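Hi,

Here is the structure we talked about. Please open it next to this message and follow along. My notes are below.

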Amino acid sequence: MSIPNTYNATAVEEKWYDYWMENNYFHSTPNHKIPYTIVIPPPNVTGVLHMGHMLNNTIQDVLIRRARLRGYNACWVPGTDHASIATEAKVVAKLKAEGINKEDLTRDEFLTHAWEWTEKHGGIILDQLKKLGASCDWERTKFTMDADLSQAVRKVFVDLYKKGEIYRGYRMVNWDPEAKTTLSDEEVIFEEKQGNFYHINYQIKGTNEVITIATTRPETLLGDTAICIHPDDERYAHLKGKKAIVPIANREIPIIEDVYVDREFGTGCLKITPAHDQNDKVLGEKHGLEVIDILNDDATLNENGLHYRGKDRFVVRKEIAKELEEMGVLVKVEQHLHKVGTSERTKAVIEPKISAQWFLRMEDIVKPALDAVLKEEDIKLYPKRYNNTYRHWLENIRDWNISRQLWWGHQIPAFFYGEGVEDFVVATSIEEALPLAKEKTGNSSLTVADLKQDEDALDTWFSSWLWPISVFDGINHPENEEINYYYPTNDLVTGPDIIFFWVARMVFAGYEFKQEKPFSNVYFTGIVRDKQRRKMSKSLGNSPDPIALMQQYGADGVRVGLLLSAAAGNDLMFDEDLCAQGRNFTNKIWNSFKLIKGWEVSQTEKQPEASKIAIDWYKAKFQKTLAEIDANFEVYRLSDSLMSLYKLVWDDFSSWFLEMVKPAFGTPMDTETYKEIIGLLEDNLKLLHPFMPHLTEEIWQLITDRSPQEALIIASYPEVVPYQEEIIAQFEIASEVISGIRTIRKEKNISFKETIDLAILNHEQTAKDFDKVIAKMGNVADLSYVDNAVDGALSFRVKSNEYFVPISGAIDVEAELVKLKEELKYTEGFLTSVQKKLANERFVNNAPEQVIAGERKKEADALAKIETLKASLNSLS
């Protein structure tokens, strides 16, 4: 087979991905094997591949390919999320650019546009994942708005409503005036912002006296319905039972008392605006206050805003402050740093708003989810430190606001037959709702036309919390073959930023609807950051295009670059040089393969002893590394696994092993050694395949002709077997000896073609089994063991053994003596400085243990070197 001189990543990746797809290797169906299942964290249907996706999906692909090689029935379910707010915003923006306002469309007309958008953009990110090499079961691709998944959402809603877990009520909610929808508490990000404290005088009715309040939101005074003082505050005791007049609005409001007031904060009294503050709402309900809403859904002022009607809240804030100042009631304005709630999605400042919403009770549903992670440990989080985050969220949880004022999403399956708050029934369809409505009203003449479905959609997470169940149709058909086989899934790989939004809620759903955990392990990836530790984002312009990276470095090169720097659960400081390192590794493997295939093989050639010991050593080293890799996989230290493999292939296989076994120039290799080399290369490829699937399949198929049943992707992973620790230890000595010989050759300018002699003075066990290897790699003509130091020879030390290389007449002895003396003087000075440190009690008592150990090693190395230098001086003198 012809092997190209250079590795063409683009051509190879396309070729083998097509081959894998044609042969249906990614597809899984229930069978006799043990399942290994991953469900993809579904990216937004509007999304394109970014570096976070690259890292997350590379890790998932490594896990799924390794499981496939290890004989599991590997199933990786891909899909996308409909992303209510994000998608609706994109569609609204697109329509606006075309001169169409959403408000001018019916719901069905808008949804037609939304589906067109989804069909056009929805598959982009999944196609991009294919370029990465993602071995998803594409036949199983799901979308959270698929008919069966939508049916599952409706069934779950109805079930929870019947259990009394879902309820509808007027509540103070977080309102996003840009998306024009309510948000859950978890979707609000609190940011510290510089604002103002406005001190405003309210006149006491019937007097010339005023009471001063301080507020950050003067525009809301138009919705004030009381002023509250502390009942024990003597400053305001005389105002009890009196009324104040709201500036501008000229409306009389009562002065009430409540211990809620902090007498030390601000002026010690509060303006109460029940429609626009959660705490004010509680006080308003307690004291029976009127509720005056001054804002429209887009945060402009409504008719209660008087002459500010139609103006944006922030415009009004400035204008009303000016009007108050002109009236002489604005006492002062102070700068004030305070936390402001903003929408995670649109970044708009959130407005508290009272409205009718749907909620899911959380008190009972969280209990099994808490126990599963923190007590029984049925679900393990990696890194374990996220247990604390998980605990914090769940122990401080509030009822989940599940309704959104959007059209794109799962429409709430509640059907109204009247205008009252309770005039509705809940059912999976309008046809099912009709008999329920007739029964509830006692009106048998009701028709479908009399029912109107709730306009709101469900929170996006209310569908994705079912993902591990619904992708296997486990809600609609709870005992079907697939849900019984694939559920619970094995591993979930996701970001810590959605530990509550998604991870915890999937655990809720698993125990609620399947009485079982949804997965066994959750691996939280770090955030991909740039070299300045900034999170990569489009807005900062610091995120490279993943597709361009793959075109430049190859998908395998980028995968390696990402994983080498992705320490378990820690943020990844991405540097494009890492991708270059990955590409270099690709080239190293390719060139090693070319070297092997370029050797001539002879049936008659006898296997050299050096090759025999080299093969035994590499098999042992391979097994030791395999055990390390497997141990690191157990705790999701994929970066450490890859680094062990990187060193095995780059250092041990390519740099040492192939040098040990390669035939002399012009001499063929024996068949036995060649077969062993190919076998070891194939084992390397099996370990490398999860990380570098395209390159490894290419080399695997070039080694020999293989049928589709013999492809690497479905080969058998190497098994851990007992190995010789002793031979690995011997090689460590042998490699240092070879390095010592090479150093002498380099420093003394002795050509490698010129043979040398080597005498060994034993003080402890040496690497005698490797003598043939040392002789071959050092080009040693005569290797002997001696009882005394050899005069007139250069020497070096490995452990406590001394190695002597007799010098030829070509070496300038005088110059060598000068050089050795200078090196001895420098090393003795270095030793003195280290010993001074170690003699310093303060340093020894306070320095970390590893620092002390490092200094002691420096001392030992320097002492050994001084002894060697002195021996060399004695032999030359």
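Predicted model: local features only at pLDDT ≥ 70, side-chain atom pairs only at ≥ 80, totals over all residues.

Tyr167 stands opposite Phe359, a residue of strand β14.

β14 covers residues 351-360 and pairs with β5, residues 166-176. The two run antiparallel and share 10 bridges. Both belong to an open sheet of four strands, ordered β6-β5-β14-β16, with antiparallel pairing. Which strands stand at the edges? They are β6 (181-183) and β16 (400-401). Each has a single partner strand, so one side of each has no neighbour in the sheet.

Next, the aromatic rings. The count comes to 43 aromatic pairs. Tyr7 and Trp590 make one of them, and the pair is tilted. Their ring centres are 5.4 Å apart, with 50° between the planes. This pair links distant parts of the chain. Tyr7 lies in the segment before α1 (9-22), whereas Trp590 is in helix α18, residues 576-597.

Ring pairs join Phe157, Tyr161, Trp358, Trp400, Phe416, Phe424, Phe462, Trp465 and Phe513.

Two charged side chains sit over rings:

- Arg66 lies over the face of Phe633, 4.0 Å from the ring centre.
- Lys102 has its charged end over the ring of Phe110, 5.5 Å from the centre of that ring.

Last, helix α25, residues 813-839. How far apart should its ends be? At 1.5 Å a residue, its 27 residues should span 39 Å. The end C-alpha atoms are 38 Å apart, which agrees. Several residues of α25 are buried, including Glu816, Leu817, Leu820 and Leu824. Further along α25, Thr827, Leu831, Val834 and Leu838 are buried as well.

Best wishes

Note on methods. Residues numbered from 1 in each chain as written. Heavy atoms only, no water. Pairing = 2+ DSSP bridges. Expected span 1.5 Å × (residues − 1). Buried < 20%, exposed > 50% of the residue type's maximum accessible area, 1.4 Å probe, protein only. Phe/Tyr/Trp six-rings, centres within 6.5 Å; stacked < 30°, edge-to-face > 60°. Lys NZ or Arg CZ within 6 Å of the ring centre and 35° of its normal.
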